[in-house]
Amino acid sequence: MQQVYANSPYILMRFTPSSKFLGFSNHFNNLLAPSFSLTSKFPSSIAATMSTVPTQNDTVTHKTHQPLQIAKRLEKFQTTIFTQMSLLAIKHGAINLGQGFPNFDGPDFVKEAAIQAIRDGKNQYARGYGVPDLNIAIAERFKKDTGLVVDPEKEVTVTSGCTEAIAATVLGIINPGDEVILFAPFYDSYEATLSMAGAKVKSITLRPPDFAVPIEELKSTISKNTRAILLNTPHNPTGKMFTREELDCIASLCIENDVLVFTDEVYDKLAFDMEHISMASLPGMFERTVTMNSMGKTFSLTGWKIGWAIAPPHLSWGVRQAHAYLTFATSHPFQCAAAVALRAPDSYYAEVKRDYMAKRAILVEGLKAVGFKVFPSSGTYFVVVDHTPFGLENDVAFCEYLVKEVGVVAIPTSVFYLNPEDGKNLVRFTFAKDEETIRSAVERMKEKLRK
């Protein structure tokens with residue numbers, strides 16, 4: 001099915017390289033679709049695809065040279081780097097250590113719960129802010145993890161994945177012109193969603209080797225117009241975990257300056273080398289924090305898209321208003337199964353952590369043996385490395401070479417910065433794959449990658 005879709009006009013539209021991506025390598029587009037011819041920002045073939053209309057006889061008429069219609073706030077977000085690199089993996093038969101999805105399935109007990117829910121007729125719209133049993137399960141899990149007691153009816157909102165939780169939070173709480181601070185590198189949906197909300201995006205760059213928060217820079221960046229700080233811990237793409245000292249400093253600054261915190265904690269169960277600390281659990285922070293999470297990473301069911309946002313009622317109101325007009329409700333049977341998943345015994349979470357730590361060790365040792373400078377990954381299922389020992393001019397050129405000549409896919413990190421130059425020396429690999437796949441990728445790099 002992937003090959004069929006990869007050749008469809010629709011996919012040609014979806015896989016247009018973004019302007020940020022093309023800025024590094026204007027011939028990279030030829031890897032994606034050799035027949036593309038760029039005119040301004042958009043391929044003419046895409047314009048033709050967008051303008052096709054059916055006739056009364058169900059035939060298709062092509063009208064060429066029609067420019068795509070897109071809001072200015074989204075012009076530079078034409079597609080995601082994850083989609084582009086996954087297509088390249090298919091095109092070149094490469095091993096995909098780029099996009100962060102497992103190549104193995106989730107647990108049977110959760111899948112069986114979804115099947116049973118379908119058989120039980122849980123197939124119509126769910127309650128807008130969540131199936132009651134799932135809201136309760138989320139609140140129970142949050143209490144177990146943080147010690148905080150939340151009201152499942154008023155303070156938990158179920159969303160279509162954490163990506164929608166982010167969108168609902170931003171669109172429901174942030175006003176045009178509000179300043180929001182990100183820590184770069186950052187997950188690419190953050191900037192796009194903030195742009196849709198009309199926010200002014202500022203970023204604080206976390207730099208290797210430890211990607212520590214520059215507290216003094218953060219202090220000077222916060223202004224009277226700063227509405228929120230959006231952070232992610234454990235952190236994608238670096239694998240960094242924010243320390244208690246860093247979180248305490250951020251919390252103090254937020255309380256002092258009346259700033260909100262939106263915290264993305266989807267990798268909280270993949271915290272390997274230190275304890276995961278939820279920002280909402282710090283003194284004085286629950287009232288100003290929206291905690292966003294999902295089940296996809298922990299249960300290897302990323303396609304289900306079950307997420308949630310936890311916040312006090314005065315913040316949940318905005319989240320729920322936006323959610324109501326984004327998706328209204330999330331998949332009913334999958335919500336029922338998610339409630340079962342979240343009540344898994346502690347032994348399940350311990351096993352998941354052990355499994356990923358073993359995979360991490362295989363990838364990290366392999367990357368070091370290949371010749372990369374590897375930075376510590378304390379959480380998530382990602383590892384960031386410095387590619388410069390291999391002599392390519394930047395991360396995009398390196399990833400292009402890696403997929404074409406070596407047959408392995410990584411993600412260039414420059415697309416995760418407001419200033420792409422800050423990430424030009426770094427690329428990201430994922431170990432969310434079975435051990436055989438990871439070992440095979442390492443062997444390809446050992447055999448074909450030369451300094």
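Modeller: Before we start, a residue counts as buried under 20% relative accessible area, exposed over 50%, and partly exposed in between (1.4 Å probe, protein chains only). Helices (H or I, at least four residues) and strands (E, at least two) are DSSP runs, numbered from the N terminus. This is a predicted model, in which local features need pLDDT of at least 70 and side-chain atom pairs count only at pLDDT 80 or more, while totals for chains, interfaces and linings use all residues. Residues are numbered from 1 along each chain as its sequence is written, and side-chain values use heavy atoms, with hydrogens and water left out.

Colleague: Thanks! Which residues of H14 are buried?

Modeller: H14 covers residues 313-326 and spans 19 Å from first to last C-alpha, close to the 20 Å expected (1.5 Å times one less than its number of residues). Its buried residues pack against strands S6, S10, S11 and S12 and helix H9, with contact meaning heavy atoms within 4.5 Å. The buried ones are Leu315, Ser316, Gly318, Val319, Arg320, Ala322 and His323.

Colleague: And which residue with a positive phi follows H14?

Modeller: The helix runs over residues 313-326. The residue in question comes after H14 and has a phi near 65 degrees; it is phenylalanine 328.

Colleague: Within what arc do the buried residues of H18 fall?

Modeller: H18 has 14 residues, 435-448, and Thr437, Ile438, Ala441, Val442 and Met445 are its buried ones. An α-helix has 3.6 residues a turn, so residues three or four places apart point the same way. The arc is taken from the directions from the helix axis to the C-beta atoms. Seen down the axis, the buried residues of H18 line one face of the helix because they fall within an arc of 135 degrees.

Colleague: Which residues on the other side of H18 are exposed?

Modeller: The buried residues are covered by elements including H16, helix H17 and strand S17. On the other side of H18, the exposed residues are Glu436 and Glu447.

Colleague: At the start of H18, which residue's side-chain oxygen reaches the backbone nitrogen of glutamate 436?

Modeller: A polar contact is a pair of N or O atoms within 3.5 Å; within protein, one must be able to donate a hydrogen and the other to accept it, and residues adjacent in sequence count only if both atoms are side-chain atoms. Here the oxygen comes to within 3.1 Å of that nitrogen, and it belongs to aspartate 434.

Colleague: Is tyrosine 348 buried or exposed, and what is its relative accessible area?

Modeller: Tyrosine 348 sits in helix H16. Beyond its neighbours within four places in sequence, this tyrosine contacts Pro107, Phe109, Thr298 and Phe299. Its side chain also reaches the backbone oxygen of threonine 298 at 3.1 Å. Tyrosine 348 is buried, with a relative accessible area of 14%.

Colleague: How many residues of strand S7 are buried?

Modeller: In a regular strand the side chains alternate between the two faces of the sheet. Glu179, Ile181 and Phe183 point one way from S7, Val180, Leu182 and Ala184 the other way, and all are buried. S7 is therefore largely enclosed by the rest of the structure, its buried count being six of the six residues.

Colleague: Lastly, in S8, which residue is the bridge partner of alanine 184?

Modeller: S7 and S8 pair in the parallel sense over six bridges, where pairing needs at least two bridges found by DSSP. S7 also pairs in the parallel sense with strand S9, over four bridges. In S8, the bridge partner of alanine 184 is threonine 205.
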